[in-house]
Amino acid sequence: MSKSNKIVLRIQSADGTKRVETEPSTTTKSLYEQARSACGFDHHDFALYRERNFTKEIVSSGSQEVKDIGLKHGDIVYLRLVEGPSTSKATERSASVNSLASSHSSSISNATFSREATPSTSTSKTPTAATEPAVPEDAVDLELYKQDGRIKRNRDEKLCRHNSNGCCVHCSPLEPWDENYLKEQKIKHFSFHSYLKKLTSGAARGKFVALEDLNCKIKSGCRDHPPWPKGICSKCQPSAITLNRQPYRHVDNVMFENTGIVERFLNYWRTTGHQRIGFLFGMYELHPDVPLGIRARVAAIYEPPQESNRDSIRLLDDPHDAEVDEMARTLGLQRVGWIFTDLLSDNLANGTVKHVRNIKTHFLTAQECILAGHLQNKYPNRCKDSSNGYFGSKFVTVCVTGDEKKQVHMEGYAVSAQCMALVRDTCLIPTKDAPELGYIRESSDKQYVPDVYYKEKDVYGNEVQRLGRPLPVEYLLVDVPASTPLVPLYTFLERKDAKQYFPVENRLIDGHIQDFSALADYLAKSRPMPFLDVMSDFHLLFYLYRMEDMLPMKSQLGPLLEAVRAKDKTKANEWKTREVWETLEELIAASSNHDDSSMSNDVEFVPSGDAEQNWICTFCTFINSRELPACEICNLPRSRQ
């Protein structure tokens, strides 16, 4: 076509005006491409309009031409960006959960969440190992890759007809996913590494196996139509989802090293009657009772800032969240799960609690499943067989509640990979009145939600497919047994008397507050003990780790943490002679009148008849009101002259 037939259109956007040269016979789809190139966009998340007030939208079409919509030489076309895909990897992996509250019979079922706005479209492509730095897998995974997992069987005297060196179908090793063996051993789910072995078995040896996370968002970058909600096609539309019970689990058992860990956690409920949430810190190790199994070994429970009562829990922002992970890594620990209580006292004299969670009510509420899915998305499992380096999660959920005998016991769970995807893409929400039911969002202008189905048997015994509005959450759960060993293990020292422990963080009740006075009291009571045993307390170490107001010790604690990890008394005693610890002891000695027999957490007030209205802190010289027992600035106790 001759040059005289070409026209120039002006594309006006928030970044300025661009010029594009086109022809009257050009399709509007090509016009969108020219506008994208002129503005330097790498996406199609914009729309073109005829009017300045963004009306009379120009629809991208392969059949409609520029002359058909009345555009002439020199006309102005107005461009406006529309909501498009998120490029944040953190947003893609999990939504931000800021608070948790409930109103259902001491559970956290109807909790409220505050989430970041998430788009209805997904990122263009899942990052591959070539675009992302290689992430090392857990040591337990590397160890399990080296094992074949076959279950050895002895020679059957009745059925085997060969000598001791032979082998037949009756005594040959079984595969780790053998259903009959798992049923005999009462193992409900086979391990994740058994699942990987099953996928890579056979003639293909897993050549075409790829572990991919479920995607519930529209694929971005489709050029055949405008972005959602203006258009959608079969190429970018996510498929409908049918929920299946997950046959494997990433963690096969949760083992608390000793009963004292849980008892110390439950002391808050016994003292106040309020519910409590904590994070489990420990390590992953081989589980000998499950073929290629993994066990989460719990050494300590960290309690984040929270507000709770008899029926609800609300999580608050934790300014020290990164610090506790950092200190735990130095101790050889990591965050392996979370724990919460759902306890209602039934008979105080007998010490029994109510049995509120069972097959007739619920095991986990929809809100608890959503929080578990969020946390599992936040702490994903590193896997070399996945295209983006992550698949599933080893993060476990433990609920402390009453059993059928009305005794306190623990139940462990994890949510399936399908539930993680639904939570990540904000498709699953709780119901208001039924804690055991979730609900799949309906599509809106801001978010497209695919249909989610589950299967159940009707009154005639026929298997029928139901839409997940509402959705029973048991389709999303995986059981994980929780227990304690017959022979207790101790990463940190256990005390015979609970009053001898250092207070647990974030407990705002009398006698449980972490402050300088509590530190002095604890050290005074522990003077006869070896220094390593005194410092072998997770909560004490974390208090020292984040102590910044009067004597920053974070940079000096490395050797002590290594000594506690290795249980090395010599290194611990060497660290005791350092200047930072001697300075701390001098502060304790100068700030109080503690001796070997009289140290407590009691608050001391100035008598009302004291003529002195204010007192001066001998450490920072700040003038404090006379009723304050400790300095308002440095938090050191008022010294007596």
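In the predicted model, K457 has E463 in strand β24 as its bridge partner. This pair belongs to the contact between strand β23, which covers residues 452-457, and β24, where five bridges join the two strands in the antiparallel sense. Both strands are part of an open sheet of three strands with mixed pairing, arranged in the order β9-β23-β24. Because β9 (241-242) and β24 (463-467) each have a single partner strand, they stand at the edges of this sheet, and one side of each is left without a neighbour in the sheet.

Strand pairing is also found around β19, which spans residues 396-402. Seven of the seven residues of β19 are buried, and the strand is thus mostly covered. Strand β16 (residues 334-341) pairs with β19 in the parallel sense, over five bridges, and I339 stands opposite V398 in β19. With strand β20 (residues 408-415), by contrast, β19 pairs in the antiparallel sense over six bridges; here V400 stands opposite M410 in β20. A hairpin is formed by β19 and β20, with five residues between them. In the turn of this hairpin, K406 has a positive phi of about 65°.

A further feature concerns charge on the surface. A patch of negative charge is formed there by E579, E582, E585 and E586. Of these residues, E582 is found in helix α15, which runs over residues 579-591. The relative accessibility of E582 is 39%, and this residue therefore counts as partly exposed.

Conventions
Residues numbered from 1 in each chain as written. Predicted model: local features only at pLDDT ≥ 70, side-chain atom pairs only at ≥ 80, totals over all residues. Heavy atoms only, no water. Patch = residues over 30% accessible without salt bridge, like charges linked within 9 Å, V, L, I, M, F, W, Y side chains within 5 Å. Areas by Shrake-Rupley, 256 points an atom, 1.4 Å probe, with all protein chains shown as cover. Salt bridge = Lys/Arg side-chain N within 4 Å of Asp/Glu carboxyl O. Lys, Arg positive; Asp, Glu negative; His and termini not counted. Charge placed at Lys NZ, Arg CZ, Asp CG, Glu CD. Helix = DSSP H or I, 4+ residues; strand = E, 2+ residues; numbered from the N terminus. Buried < 20%, exposed > 50% of the residue type's maximum accessible area, 1.4 Å probe, protein only. Pairing = 2+ DSSP bridges.
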